[in-house]
Amino acid sequence: MGYFAESFTELHNADGWMDMGMYIGAGSSAAGWWTVIATVMLVGVLIKGNSDEQDHYK
Amino acid sequence: MEDQILALTAEVAAIKGAAEVTNRMFAEAYYYITIPLMVLIHAGFLLYEMGATRLQNVLSSGVKNLLAFAFTIAAWYLFGWWFYWALPTWPLDFSAGAGYMEISGLEYANAISWAWGDSAQYMGPNMGDNASGVFWGAFALFAATTASIASGALIERIQTVGFVICAVVLGTAAWGIAAAWGWHADGWLVTKFGYHDFGAAGLVHAVAGFFALGVLINLGPRVGKFNADGSANHLAGHNMPLTVTGLMLIIVGFFGFLMACIILPGEGWSWYGDRATTIYGTPMTLSALAFNVPLAAAGGIIGAWVMTRDPFWMMSGCLAGIISVASGLDVYFGSTVIAVSMLAGIILKPCADWLEGLGIDDAVGCVTVHGTIGLFGLVMLGILGSGLPGLGAFAPEDTVALSLFGQIVGAVVMFLLGFVPGYVVSWLVDKAGMLRIPDEVQIKGLDAVKVPARAYPQGMASPESES
């Protein structure tokens with residue numbers, strides 16, 4: 001975890017900034033895992049929401 | 001002398017660099033500003049929909065509308081963006097290869113639009129990419145707008161989670177594929193049929209309108225809408241001023257929506273260095289919108305006033321006026337816009353009445369305003385604008401020009417892209433018992449049953465809720 005660069009100097013050259021992600025977890029599998037977590041949370045909310053909704057209609 | 005030339009060269013390079021930074025930052029800010037403007041569309045839909053709802057269901061309609069916005073944006077990030085980039089050439093090229101412009105196809109989409117692996121660098125903050133985020137944001141709001149359009153038609157009897165599933169399918173798959181085919185320089189409707197739909201009359205409005213129709217068939221009418229003899233009752237919303245103000249906010253948001261349909265010049269992704277274009281690379285100006293959008297709004301209001309004298313239908317006419325000319329806002333002359341949009345306002349109410357006569361309970365006239373008028377606009381551009389080059393100056397030689405035939409093909413495709421997914425997904429949701437709210441709950445009032453708040457706790461009484 002944590003930010004991927006200790007210095008921005010290494011990410012800047014004569015052509016300007018490098019074309020790369022500058023988010024926490026860039027260049028690692030973190031983005032994919034966060035995507036899995038977000039997807040599971042969204043689907044889980046729908047399942048729970050539907051369960052609660054059906055209870056209201058009983 | 002040599003020193004002076006070197007100094008001058010360095011100065012020119014510095015000026016060029018500064019101009020590039022200015023252009024890049026302007027382009028980024030331009031698209032960024034379209035995003036909050038499009039959020040106004042949703043503020044409008046929220047007011048519009050709640051105002052058109054009866055007192056006992058107001059907050060339930062609000063919850064539904066907010067969730068359509070939220071889930072569609074999240075889903076657009078997770079997989080909707082991929083549809084747009086992956087499928088412009090599909091199914092004509094069944095393997096979904098890249099088109100002539102080489103900014104489409106499975107390989108390209110996989111490289112830029114998934115939120116994992118190497119493509120994740122373009123789905124978040126990026127050191128050297130000022131474009132992907134603002135384009136994604138604008139498209140996410142297009143997607144959410146498409147989903148919200150259908151929302152109003154379904155009020156007061158659709159279940160919340162069932163509706164969210166329908167909205168996600170509409171805002172990601174149905175709209176994403178429609179945009180890939182008809183709103184992308186490599187889209188087969190564009191390259192093979194000369195389809196022209198600058199302001200998305202077909203690929204947003206018609207798709208959303210006919211998706212709503214597909215859902216309405218499975219959903220059925222609100223309790224009390226139709227009598228035993230088939231005649232219809234008017235179920236008036238609880239707050240007409242809210243509805244009309246909401247419609248006006250939608251019009252404000254349309255200016256942002258239409259701004260975002262323009263490709264600015266001077267960037268690596270631009271068509272030209274000196275001229276803004278449509279998404280097809282055909283030249284246009286913001287002035288075209290400044291002339292034509294207000295005129296279309298005016299024409300639609302006047303046309304609907306002639307027929308109805310009713311502020312609800314006048315503001316619906318305002319929307320319909322803009323939708324009726326949206327496909328050709330970049331090329332229509334102002335007086336043409338007045339005539340076409342007035343005609344749209346005039347035919348609006350009779351078309352809505354005809355649909356109601358078929359037993360369809362469209363609570364806000366969504367199918368007519370967005371679906372029917374969207375198709376009307378596509379065909380009108382085919383009649384009036386035949387011969388318009390389909391793509392810009394760097395297009396392949398065999399690019400097809402705009403024609404009535406091409407616009408009709410596009411209209412049929414947009415109808416099917418809306419109606420078929422709408423019918424199928426709502427049928428599946430219905431089979432899962434997640435579509436229609438039981439009649440006894442509708443009679444009792446949805447807010448009293450499932451919303452832990454009251455719309456007007458110290459104000460208007462709701463006899464149904466109190467009971």
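Modeller: B:Ala96 is buried, as 20 other C-beta atoms lie within 10 Å, and a count of 20 or more is what the term requires. The model is predicted, and the angles below are computed from it. The phi of B:Ala96 is positive, about 55 degrees, although the residue is not a glycine. For context, most residues other than glycine have a negative phi, and most peptide bonds are trans. B:Ala96 sits in the loop that runs between H2 and H3 of chain B.

B:Pro91 is also placed in the loop between helix H2 (58–86) and helix H3 (106–112) of chain B. The peptide bond that joins B:Trp90 to B:Pro91 is cis, with omega at about 5 degrees.

Another positive phi, about 70 degrees, belongs to B:Ala200, again not a glycine. This residue is found in the loop between helix H6 (188–193) and helix H7 (201–219) of chain B. B:Ala200 is buried, with 29 other C-beta atoms within 10 Å.

As for how the chains meet, 21 residues of chain A are in contact with 23 residues of chain B. On the side of chain A that touches chain B, strand S2 (16–17) and helix H1 (30–57) of chain A each supply at least two residues. H1(A) gives the largest share of that side, eleven residues. Sorted by class, the side of chain A that touches chain B holds eleven nonpolar, eight polar and two charged residues.

Note on methods:
Residues are numbered from 1 along each chain as its sequence is written. Chains are lettered from A and ligands numbered from 1 in the order in which they are written. This is a predicted model: local features need pLDDT of at least 70, side-chain atom pairs count only at pLDDT 80 or more; totals for chains, interfaces and linings use all residues. Two residues are in contact if their C-beta atoms, placed from the backbone, lie within 7 Å. Helices (H or I, at least four residues) and strands (E, at least two) are DSSP runs, numbered from the N terminus. Ala, Val, Leu, Ile, Met, Phe, Trp, Tyr, Cys and Pro count as nonpolar, Asp, Glu, Lys and Arg as charged, and the others, Gly among them, as polar. A residue is buried if 20 or more other C-beta atoms lie within 10 Å of its own, exposed if 12 or fewer, and partly exposed in between; C-beta atoms are placed from the backbone.
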